[in-house]
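Trainee: I'm new to this one. Could you walk me through it by way of a few questions?

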Amino acid sequence: MKKVLSIVFLCLCAQYSFAVEFSFDKFVNLLRNVNQETAKECGLSFIYADEEQPSEDPGTSVAVYGWGMEKGKKQDFGYEMKCTSDHAVYFYYQLDTSTQAAICFKDKDDADRFVEKALAYGIVILNDGYYISDDKLPNGSVKVDSFSGYNILTQMMKPEYDEDFHKGFYVIRFYYFS
């Protein structure tokens, strides 16, 4: 009986470890420098990369890193995402005429925990919008009337349940500033 309980406990800890152990500092580094090494520092593994080359535009490239996820069937662009954990998460980075990213959580509490960690890390709040400064704020999050004095890296949207592109996930989108 003790052995069974130990195995169950280890499985629960393994499933829950990403959201609990996650470091927002390392995530900001990933937003600045998206590659396998910085993703790995966040606890995310490479899942896939894909490119689409239309005839006239520069095209779209995507890189996806995740935890508790695996690549499924090939789609028109990208791949189906399959969860291997109830606490699955993946980071989606898209580069085309603009740069955008999203972190997608299967569990709503994990998405909310991510926002709590962002607020504790220190973000700029303007008109109820969240923005990540390129430089870590010394005293946590701050409400402002303008971006004066802040070098904004990305806008961070609040979590939304997605029933379309990231179907079945709580998605936090990031829009990069030029």
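Trainee: Let's start with Phe 147: at 24% relative accessibility, what does it count as?

Mentor: First, a word on the model: it is predicted, so local features need pLDDT of at least 70 and side-chain atom pairs count only at pLDDT 80 or more, while totals for chains, interfaces and linings use all residues. Residues are numbered from 1 along each chain as its sequence is written, and side-chain values use heavy atoms, with hydrogens and water left out. Now the cut-offs: buried means under 20% relative accessible area, exposed means over 50%, and partly exposed is in between, with a 1.4 Å probe and protein chains only. At 24%, Phe 147 therefore counts as partly exposed.

Trainee: Which residue forms an aromatic pair with Phe 147, 4.7 Å centre to centre?

Mentor: Rings of Phe, Tyr and Trp (its six-membered ring) pair if their centres lie within 6.5 Å; planes under 30 degrees apart are stacked, over 60 edge-to-face, and the rest tilted. A search of the whole structure finds 15 such pairs. Here the planes are 75 degrees apart, an edge-to-face pair, and the partner of Phe 147 is Tyr 131.

Trainee: How many residues apart in sequence are the parts that this pair ties together?

Mentor: Helices (H or I, at least four residues) and strands (E, at least two) are DSSP runs, numbered from the N terminus. Tyr 131 is buried, at 11% relative accessibility. Tyr 131 lies in strand β8 and Phe 147 in the loop between β9 (142-144) and β10, so the parts tied together are 16 residues apart.

Trainee: And how many helices and strands does the chain have?

Mentor: The chain has 178 residues, and 42% of them count as buried. Its secondary structure comes to four helices and 12 strands.

Trainee: Which residues touch the most other members of the largest nonpolar core?

Mentor: A nonpolar core is a set of buried Ala, Val, Leu, Ile, Met, Phe, Trp, Tyr and Cys residues joined through side-chain atoms within 4.5 Å. In soluble globular proteins, nonpolar side chains tend to be buried together. The largest core here has 32 residues, and those touching the most other members are Phe 24, Phe 27, Phe 91, Phe 114, Met 156 and Phe 174.

Trainee: Which elements give two or more residues to this core?

Mentor: Among the helices are α2 (24-32) and α4 (108-121). The strands are β2 (60-67), β5 (89-95), β6 (99-105), β8 (129-133), β10 (152-156) and β12 (169-176).

Trainee: How far apart in space are Met 69 and Ile 47, C-alpha to C-alpha?

Mentor: Contact means heavy atoms within 4.5 Å. Leaving aside neighbours within four places in sequence, Met 69 is in contact with several residues, including Ile 47, Met 81 and Phe 169. Met 69 and Ile 47 are 22 residues apart in sequence, and the C-alpha separation is 7.8 Å.

Trainee: Which residue lies over the face of Phe 169?

Mentor: A charge sits over a ring if NZ of Lys or CZ of Arg is within 6 Å of the ring centre and within 35 degrees of the ring normal. For Phe 169, the distance from the ring centre is 5.0 Å, and the residue is Lys 106.
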